[in-house]
Amino acid sequence: MAYEPQYYPGATSVAENRRKHMSGKVEKLREISDDDLTLVLGHRAPGSDYPSTHPPLAEMGEPECSMRELVEPTPGAKAGDRVRYVQFVDSMYNAPSTPYFRSYAAAINFRGVDPGTLSGRQVVEARERDMEELAKFQMETEMTCPALASLRGATVHGHSLRLPEDGLMFDMLDRCRKEGDVVIMHKDQVGRPIDKKVNLGKPMSPEEAAKRTTIYRVDNVAFRDDLEVIEWVHRVFDKRTTYGFKPEN
Amino acid sequence: MSVTSSDTNYVQLEIFPSRLLKPETAQNLLNEIVELEGIIRLFVHGPRLPQTVPYGPATGLPVHHPGNSVIEVAGQAIELAVYIGSIRMEVADSDVKEQVREVCEKVLSVSFEFREGNFIPRRQTVSDYAKRGPDSDPLMTGMTDPKGKLKDQPVCILKPDDME
């Protein structure tokens with residue numbers, strides 16, 4: 001029987017969502033066009049060619065190397081794209097994902113990505129078209145709620161603040177606004193105004209966000225409720241202490 | 001020696017809503033509060049709203065945040081520099097405290113924490129001395145915007161007649 005990775009222990013909804021994010025088996029909830037994505041990322045004009053930093057690999061004439069023969073380059077690397085970034089911020093108020101699980105999702109399911117995990121934000125650097133593929137995946141699926149998570153290249157302040165009255169995570173650069181029942185983005189990820197309003201879709205209701213979140217919270221699913229997770233966390237800490245101690249030295 | 005502290009019998013309160021307040025809600029709440037007798041002084045507290053993008057590739061572009069609006073309290077226009085997260089105030093006694101609580105229950109549609117404690121300095125601190133010097137009005141103690149300038153007059157006197 002083929003081995004199936006288990007990814008994460010636990011029987012609660014939060015543990016199940018963590019497994020979903022890590023395995024990439026997440027539900028697609030909305031549609032964002034390529035041009036809209038390019039607009040909000042703000043790295044190039046929509047519809048323009050990908051600027052390149054070196055000629056395509058096929059034209060470069062690579063040196064003979066068994067590793068290069070073994071590993072297929074990603075489409076971005078093949079074409080010589082620039083390295084660009086996408087950065088997400090997730091609210092502590094039951095946002096669907098968290099920086100750690102975005103990084104796990106990127107590193108497990110995508111090639112040629114360099115995820116950076118910070119306390120309140122998560123950045124992925126990759127060749128431009130590879131990065132866009134990942135950004136689109138994360139924005140269109142249940143990994144993102146337009147109200148509780150947002151694309152913020154600079155000035156990420158807001159993930160740990162209380163939500164404003166309209167439920168949209170506080171953003172001091174006002175990149176997103178709620179219009180009717182959808183969230184629109186009228187600035188790119190660093191705060192430059194863009195030509196059109198990009199529809200990011202409907203925000204999740206508080207009940208749905210609580211159901212889809214990967215955050216353990218005392219007011220939702222408490223970490224201490226998940227006995228299997230506790231057992232494994234204790235085991236990891238125990239083993240780390242034992243092996244870190246190195247009694248033979 | 002000059003008087004450097006406000007009346008220590010005053011009660012200090014904090015209203016801490018579970019959501020950051022829209023300028024309109026904050027205006028309604030503040031207008032109801034200032035109508036009460038016995039409010040000595042208050043200030044609003046919350047995350048600051050920049051006028052221009054402070055860093056990144058868009059540095060210097062105007063932000064136009066909807067929270068950065070002008071509200072009218074007791075007939076005076078006040079430009080908000082923060083998105084209101086809490087309101088801290090000093091009131092005359094615990095009767096006024098209960099009246100403030102009733103106003104909050106009436107105006108706020110979200111749940112809120114309401115507590116008594118020490119939120120505004122009652123005695124002059126080194127910062128107050130540096131900003132206003134000796135013999136300053138004890139009511140002004142602690143009433144300052146840490147990132148503002150005194151020349152921009154950060155403190156509004158809402159009811160000058162009551163100052164007598």
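## Strands, a hairpin and a chain contact

In chain B of this predicted model, strands β3 (residues 70-73) and β4 (residues 76-79) pair in the antiparallel sense over 4 bridges. One of these links joins Val73(B) to its bridge partner in β4(B), Gln76(B). Together β3(B) and β4(B) form a hairpin, with 2 residues between them. Ala74(B) sits in the turn and has a positive phi of about 50°.

Chain B also holds an open sheet of 4 strands. Their order is β2-β5-β1-β6, and the pairing is antiparallel. At the edges lie β2 (39-45) and β6 (112-116) of chain B, and each pairs on one side only. Neighbouring strands of this sheet are turned by 15° against each other on average, direction ignored.

Within the sheet, β1 (residues 11-17) and β5 (residues 86-91) of chain B are antiparallel partners over 5 bridges. Gln12(B) has Glu90(B) of β5(B) as its bridge partner. In general, strands of a sheet pair through backbone hydrogen bonds.

A helix joins the picture. Helix α2 (residues 94-107) of chain B packs on the sheet and touches β1, β2, β5 and β6 of that chain. The direction of α2(B) makes about 15° with that of β1(B).

| Strand pair | Sense | Bridges | A bridge partner pair |
|---|---|---|---|
| β3(B) and β4(B) | antiparallel | 4 bridges | Val73(B) and Gln76(B) |
| β1(B) and β5(B) | antiparallel | 5 bridges | Gln12(B) and Glu90(B) |

Now for the contact between chains. Here 16 residues of chain A are in contact with 23 residues of chain B. On the chain A side, the residues divide into 8 nonpolar, 4 polar and 4 charged.

Conventions: Residues numbered from 1 in each chain as written. Chains lettered and ligands numbered in written order. Predicted model: local features only at pLDDT ≥ 70, side-chain atom pairs only at ≥ 80, totals over all residues. Pairing = 2+ DSSP bridges. Axes fitted to C-alpha atoms, helices over the stretch in contact; angles between N-to-C directions. Contact = placed C-beta atoms within 7 Å. Nonpolar A, V, L, I, M, F, W, Y, C, P; charged D, E, K, R; others polar.
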